[in-house]
Amino acid sequence: MRRSTLKTPEGHMEYTLTCRSRVTRRLHMELDEFGGLVVVAPRHWSKAHIDATLSKNTSRIERFLIRARQRQLEPLCFADGETHFYLGERYPLSVDSGPKRKTAVAFSGDEISVHTGSSDPHSIYKALWGWYQEQAARVLSARLRTVASRAEWVGDQPLPLKLRRMKRTWGNCSSKGVIKLNTHLIKAPLPLIDSVIAHELCHLREMNHGRAFYALLEKLNPNWREDRARLRSEGNSYLL
């Protein structure tokens, strides 16, 4: 087994390359114990052929990583003391439940306080997710305005924003200029939120992922490669 790095138009992809006798016709993918990508290739394939095959299937690889890493993570219990992400940091839940409690969630800077009428995990989940949605509407819309102010091609055009809970993508931009962002982004650090927004704003001018698109993205966010690699590495934790 050896560590390798593949340079793609979207950044560098790190993986561990290995061969097995039973793999003779196509590449197989799996995760190591730390969630890293392991590529199992036929023994007779050259490194150049392996890299070429991976380069043609980057979208498929990204989908695999998201799904496999989600399966690898332990599910959340939604219980008192359990830590949850908010803007890139983990904070413990402080659950206060009782039959006469009104559902409410508050963030103190040190913990996320959840007040519910019941201590069952589903009630805590519903309360917490409602709070995440409120924070996402506030924070993501503000970050969209901030990043757009640095994108000269946006100008004064309206920027319709929709928030959706999505499993396979962090955002997209329609041909009509509607930007859709994953509500789970509220759990990620602000630099990664801004990076996703910058990506979608570039699609207002360049709808594909050609050279012109990446030249535009490089201008708006010179750190997009590092941000993308970090989101690929950490993103599965934010999707829980």
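## A walk through the helix contacts and loops

Let us begin with a pair of helices: α2 (residues 58–72) and α6 (residues 224–238) pack at an angle of about 35°, their axes lying 7 Å apart. Axes here are lines fitted to C-alpha atoms, for helices over the stretch in contact, and angles between N-to-C directions run from 0 to 180 degrees. Helices (H or I, at least four residues) and strands (E, at least two) are DSSP runs, numbered from the N terminus. On the α2 side, Glu 62, Arg 69 and Gln 70 meet Arg 228, Arg 232, Ser 233 and Asn 236 of α6, where contact means heavy atoms within 4.5 Å. Sorted by type, the residues of this α2–α6 contact are three polar and four charged, with no nonpolar ones. For that sorting, Ala, Val, Leu, Ile, Met, Phe, Trp, Tyr, Cys and Pro count as nonpolar, Asp, Glu, Lys and Arg as charged, and the others, Gly among them, as polar.

A word on what you are looking at: this is a predicted model, in which local features need pLDDT of at least 70 and side-chain atom pairs count only at pLDDT 80 or more, while totals for chains, interfaces and linings use all residues. Residues are numbered from 1 along each chain as its sequence is written, and side-chain values use heavy atoms, with hydrogens and water left out.

Stepping back, the protein has six helices and eleven strands. Its C-alpha atoms fill a box of roughly 70 × 50 × 25 Å, taken along the principal axes. Of the 240 residues, 44% are buried; buried means under 20% relative accessible area, exposed over 50%, and partly exposed in between (1.4 Å probe, protein chains only). Among contacts between residues at least 6 apart in sequence, 47% join residues at least 24 apart.

Now follow the chain to α3 and α4. The axes of these two helices come within 9 Å and cross at roughly 60°. The two helices are therefore oblique to each other, given that angles under 35 degrees count as roughly parallel, over 145 as roughly antiparallel, 65 to 115 as roughly perpendicular and the rest as oblique. The α3–α4 crossing is right-handed; a crossing has that hand if the near helix is turned clockwise from the far one by less than a right angle, and is left-handed if anticlockwise. From α3 come Val 139, Leu 140, Arg 143, Leu 144, Val 147 and Ala 148, and from α4 come Leu 190, Ile 193, Asp 194, Ile 197, Ala 198 and Leu 201. Ten residues of the α3–α4 contact are nonpolar and two are charged, with no polar ones.

With a relative accessible area of 14%, Asp 194 is buried. Setting aside neighbours within four places in sequence, Asp 194 is in contact with Arg 143 and Val 147. The side chains of Asp 194 and Arg 143 are joined by a polar contact of 2.7 Å, a polar contact being a pair of N or O atoms within 3.5 Å; within protein, one must be able to donate a hydrogen and the other to accept it, and residues adjacent in sequence count only if both atoms are side-chain atoms.

Helix α4 (residues 190–202) also has a partner in α5 (residues 211–220): their axes come within 9 Å and cross at roughly 140°. These helices are therefore oblique too, and their crossing is right-handed. Here Ala 198, His 199 and Cys 202 of α4 meet Phe 213, Leu 216, Leu 217 and Leu 220 of α5. The α4–α5 contact residues comprise six nonpolar and one polar, with no charged ones.

Pro 121 is partly exposed, at 45% relative accessible area. Though 44 residues apart in sequence, Pro 121 and Cys 77 are 6.5 Å apart in space, C-alpha to C-alpha. Not counting residues up to four places away in sequence, Pro 121 touches Cys 77 and Phe 78. Phe 78 itself belongs to the loop between α2 and β5 (83–86) and counts as buried at 14% relative accessibility. Its phi is near 55°, a positive value in a residue other than glycine.

Finally, visit Arg 101, in the loop between β6 (89–97) and β7 (104–107). The side chain of Arg 101 makes a polar contact of 3.0 Å with that of Asp 96.
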